[in-house]
Protein chains: 2
Amino acid sequence: MIRVILAEDQAMVRGALASLLDLEPDIEVVGEAATGEEAVAVVERVRPDVALLDIEMPGMDGIAAAAEIRDRVPGCRVMILTTFGRPGYLRRAMEAGAAGFLVKDSPARDLAVAIRRVLGGERVIDPGLAAAALSAGPNPLSQRERAVLAVAADGATIADIARALHLSEGTVRNYLSSAIQKTGARNRIEAVQRSRLQGWL
Amino acid sequence: MIRVILAEDQAMVRGALASLLDLEPDIEVVGEAATGEEAVAVVERVRPDVALLDIEMPGMDGIAAAAEIRDRVPGCRVMILTTFGRPGYLRRAMEAGAAGFLVKDSPARDLAVAIRRVLGGERVIDPGLAAAALSAGPNPLSQRERAVLAVAADGATIADIARALHLSEGTVRNYLSSAIQKTGARNRIEAVQRSRLQGWL
DNA sequence: CGGGAAGCCTGACAAATGTCACGGAGAAGG
DNA sequence: CCTTCTCCGTGACATTTGTCAGGCTTCCCG
């Protein structure tokens with residue numbers, strides 16, 4: 001029996017995935033979580049074979065949870081199951097020690113297959129996505145640029161960002177400007193968009 | 001037997017929901033669709049008792065599909081199942097003739113219950129959401145303001161918007177400005193954010 | 001040790017954005 | 001008919017944003 005835990009913030013999707021997996025004769029869902037923190041706690045308690053993590057969760061996200069689980073419970077394989085197949089996500093997931101990376105666009109039947117292969121020691125990654133991640137290259141944004149862009153993303157003015165990050169306004173502008181250059185955008189909105197699309201944010 | 005069709009663009013979620021519903025002894029999934037257009041076509045062909053529609057789908061969205069289905073196949077009850085419990089979505093869904101409105105945050109077991117109640121003639125709506133929709137009031141943005149804001153949302157400059165909508169730049173500014181006022185925002189980014197949050201966009 | 005890179009700042013400038021006051025056309029409604 | 005509303009446009013204006021060219025530290029790496 002393959003023992004799996006499921007982390008996903010949308011209760012209905014989580015329940016549906018559980019019922020999907022329970023159909024498989026060799027797979028058993030032994031725990032569920034709605035946040036990254038919960039996922040780590042559940043994994044430590046039930047010691048599953050595989051942890052299936054969504055990325056977009058409130059609080060600690062799935063990638064951070066993956067890293068945490070790898071450190072604390074090395075015997076547990078981590079798979080990421082996410083809505084968005086963004087190159088940066090895949091890259092970060094791999095760095096966090098994930099053994100699999102699936103997008104929710106792929107057919108439902110693939111999930112069980114992927115779990116079995118991961119348990120067999122393989123790394124399972126959407127091939128098209130892997131190519132995109134390689135061709136896109138690494139995240140060009142520095143930490144500061146990312147931080148500034150992240151705050152700008154929800155409508156903050158330069159002054160707001162400066163206050164939030166304890167920087168001078170001029171500095172914020174410079175970071176924003178260089179982020180705009182690096183993403184090839186024409187203004188901050190496009191820069192935010194493109195960064196999100198690449199999974200850099 | 002309650003005959004249901006499922007429209008949802010993420011194949012894995014769609015498959016999982018199908019397996020969830022198939023667990024119920026009195027419910028049968030008789031069709032699936034990945035877009036609004038497909039959903040309408042499938043409903044016309046298989047004539048289900050209930051159509052369960054996601055809102056966020058490529059092409060025609062779930063709300064537009066709901067309106068279409070109500071016109072073409074009046075006997076079919078329409079339920080919306082969406083990620084985002086935005087007041088404006090609920091309002092529009094009701095106007096499109098939906099009999100139910102569920103968010104994916106609610107527990108998986110609620111789904112089957114809601115389907116049975118809708119089939120019994122009830123209207124099933126998340127009570128908290130209904131209150132929010134009422135207190136939020138109707139969409140204050142005019143058609144033009146919405147259109148301008150929608151184009152601005154993905155990083156377009158004033159000139160871009162003017163070109164896209166065949167308006168003069170000054171006009172675009174005015175609409176954008178009034179949209180900013182009406183949403184109580186401080187710039188277009190905040191205006192876009194708030195409008196999205198309310199489901200006005 | 002001497003780059004080079006990142007972080008932080010300044011000041012100055014052009015361009016884009018947001019606001020305001022105003023006018024005309026057409027549709028809706030008293 | 002007159003009023004009011006939305007839509008579309010103008011022009012002028014203040015503010016914000018984006019760019020550029022510096023300068024100052026610190027830390028890392030060859």
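**Figure 1. Polar contacts across the interface of chain B and chain A.** Across this interface, 13 residue pairs are in polar contact, with both partners at pLDDT 80 or more. The model shown here and in the following views is predicted. On chain B, the elements that give two or more residues to the side touching chain A are α1 (11–22), α7 (143–153) and α10 (188–198). Of these, α1(B) gives the most, with eight residues. Sorted by class, the side of chain B that touches chain A comprises 15 nonpolar, nine polar and eight charged residues.

**Figure 2. Salt bridges between chain B and chain A.** Two salt bridges are counted between the two chains. One salt bridge joins the side chains of R186(B) and D160(A), with an N to O distance of 2.1 Å.

**Figure 3. Extent of the interface between chain B and chain A.** In this view, 32 residues of chain B are in contact with 32 residues of chain A. The area buried between the two chains is about 2500 Å², and carbon and sulfur atoms give 62% of that area. Q10(B), M12(B) and I189(B) together supply 27% of the area that chain B buries against chain A, more than any other three residues.

**Figure 4. Relation between the two copies.** Chain B can be laid on chain A by a turn of 180 degrees and a shift of 0.0 Å along the axis, with an RMSD of 0.1 Å. The two copies are therefore related as by a two-fold rotation axis. A16(B) is the residue of chain B that comes closest to the rotation axis, its C-alpha lying at 2.4 Å. Of the interface residues of chain B, 100% are also interface residues in chain A, so the copies meet through the same surface.

**Figure 5. Protein surface near DNA strand D.** There are 19 residues around DNA strand D, of which R173(A), S177(A), R144(B), N174(B) and Y175(B) come nearest. Sugar and phosphate account for 60% of the atoms of DNA strand D that come within 4 Å of the protein. At a base, a polar side-chain atom of R173(A) lies 2.7 Å from an oxygen of DNA strand D. Two or more residues of the surface near DNA strand D come from each of α9 (169–183) of chain A and α7 and α9 (169–183) of chain B. The residues of this surface divide into four nonpolar, 11 polar and four charged.

**Figure 6. Protein surface near DNA strand C.** DNA strand C is surrounded by 18 residues, the closest being R144(A), S168(A), N174(A), Y175(A) and R173(B). N174(A) has a polar side-chain atom 2.9 Å from a base oxygen of DNA strand C. S142(A) instead places a polar side-chain atom 3.1 Å from a phosphate oxygen of DNA strand C. From the other chain, an N or O atom in the side chain of R188(B) is 2.9 Å from a phosphate oxygen of DNA strand C. The elements giving two or more residues to the surface near DNA strand C are α9 of chain A and α9 of chain B. By class, this surface has four nonpolar, 10 polar and four charged residues.

Technical notes. Residues numbered from 1 in each chain as written. Chains lettered and ligands numbered in written order. Predicted model: local features only at pLDDT ≥ 70, side-chain atom pairs only at ≥ 80, totals over all residues. Heavy atoms only, no water. Contact = heavy atoms within 4.5 Å. Buried area = accessible area lost by both parts, 1.4 Å probe. Salt bridge = Lys/Arg side-chain N within 4 Å of Asp/Glu carboxyl O. Polar contact = N/O pair within 3.5 Å; in protein donor to acceptor, adjacent residues only side chain to side chain. Helix = DSSP H or I, 4+ residues; strand = E, 2+ residues; numbered from the N terminus. Nonpolar A, V, L, I, M, F, W, Y, C, P; charged D, E, K, R; others polar. Near = heavy atom within 4 Å. Least-squares fit on C-alpha atoms with pLDDT ≥ 70 in both.
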